[in-house]
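Biologist: I have the sequence and the fold open side by side. Walk me through the strands and the core, please.

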Amino acid sequence: MPDDEESRYGEAWHEVYDTWHPVDGRVVSAVAALRKLADGGRILELGVGTGRLAIPLSRGGVQIHGIEASARMLSVLRSKAGGENIPVTVGNMRDVPADGRFAVVFVAASTLFCLLTQEDQVRCFENVSRHLEDDGHFVVECFVPGREHPAEGSRVVPWVLTGAECRLHIAEGDPVTQRIRSSTLSVAQKGAVRIVPVELRYAWPAELDLMARLASLQLRWRWSNWDRAPFTAVSGQHVSVYRKAGTG
Ligand SMILES: C[S@@+](CC[C@H](N)C(=O)[O-])C[C@H]1O[C@@H](n2cnc3c(N)ncnc32)[C@H](O)[C@@H]1O
């Protein structure tokens with residue numbers, strides 16, 4: 001079993017990812033927003049995972065390419081209808097190992113924070129910038145550190161509380177390293193107990209904007225969700241859209 005940093009997420013999450021992140025209205029909104037931004041052009045997804053977004057994009061006629069570090073997540077993608085033929089490069093999204101340029105590059109579901117150092121996150125922005133068409137967009141969906149994802153201290157947040165399952169998100173943030181170590185603990189009535197860990201390096205939106213500037217990108221829009229709702233002081237997540245500096 002590989003224990004390199006970039007495939008750790010998939011080792012822990014591949015069996016539960018699709019059950020715990022079902023296709024819902026947010027997926028429909030994300031797909032619509034990304035299609036509109038791409039305007040018929042090619043899309044690249046960093047950390048494509050099990051294809052939650054890539055499969056519906058591909059079904060809608062979008063030319064989508066993925067980058068994925070985990071063989072486990074990739075095998076789930078390949079087992080799904082519509083996931084067999086999506087082109088995927090196995091590698092580290094820090095390096096953006098893909099050919100050519102894209103109308104849209106995106107990284108959803110706080111996947112950028114799987115890169116555990118500021119240096120790797122900056123490298124990712126720089127490499128994305130090289131793969132964008134001149135009028136292309138880089139779209140980043142991330143949580144804002146806070147209630148569920150504490151910048152410091154520990155927090156327990158219920159995720160699912162039904163008669164059949166109690167699922168808790170237990171997280172601890174370290175403001176020195178900007179890392180959050182968390183475990184999702186699921187106890188099901190049928191007796192199954194699961195603990196699924198993840199470690200992330202968080203950044204506030206302002207730090208991401210600076211990383212973008214280092215990569216010659218500038219913020220064009222920031223929404224609190226894929227439906228373009230305004231981003232406010234209480235938003236728990238953001239969808240930020242960057243484009244090359246100097247393009248208007
Ligand atoms: C939170 S999941 C998101 C999956 C998919 N993008 C979605 O929205 O459903 C993060 C994905 O990124 C992959 N990943 C984590 N670190 C990576 C890295 N350094 N390079 C490439 N993929 C990575 C994981 O294996 C996992 O498939």
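**Strand pairing and cores**

Modeller: Start with strand 5 (residues 132–143), which runs antiparallel to strand 11 and is joined to it by seven bridges. Keep in mind that this is a predicted model.

Biologist: Which residue of strand 11 is the bridge partner of L219?

Modeller: Strand 11 also pairs with strand 10 (residues 217–223). That pairing is antiparallel, over six bridges. In it, L219 is partnered by Y242.

Biologist: Why is strand 11 (residues 237–244) largely enclosed by the rest of the structure?

Modeller: Buried means under 20% relative accessible area. Strand 11 is largely enclosed because, of its eight residues, the number buried is seven.

Biologist: Which element gives the largest share of the largest nonpolar core?

Modeller: That core has 40 residues, and those touching the most other members include F138 and V140. Several elements each supply at least two residues, among them helix 6 (118–130), strand 9 (193–201) and helix 7 (205–214). The largest share is five residues, and it comes from strand 5.

Biologist: How many residues are in the second, separate core?

Modeller: Its members include A54, V62, F106 and V139. The count is 27 residues.

Notes: Residues numbered from 1 in each chain as written. Predicted model: local features only at pLDDT ≥ 70, side-chain atom pairs only at ≥ 80, totals over all residues. Heavy atoms only, no water. Buried < 20%, exposed > 50% of the residue type's maximum accessible area, 1.4 Å probe, protein only. Helix = DSSP H or I, 4+ residues; strand = E, 2+ residues; numbered from the N terminus. Pairing = 2+ DSSP bridges. Core = buried A, V, L, I, M, F, W, Y, C linked by side-chain atoms within 4.5 Å.
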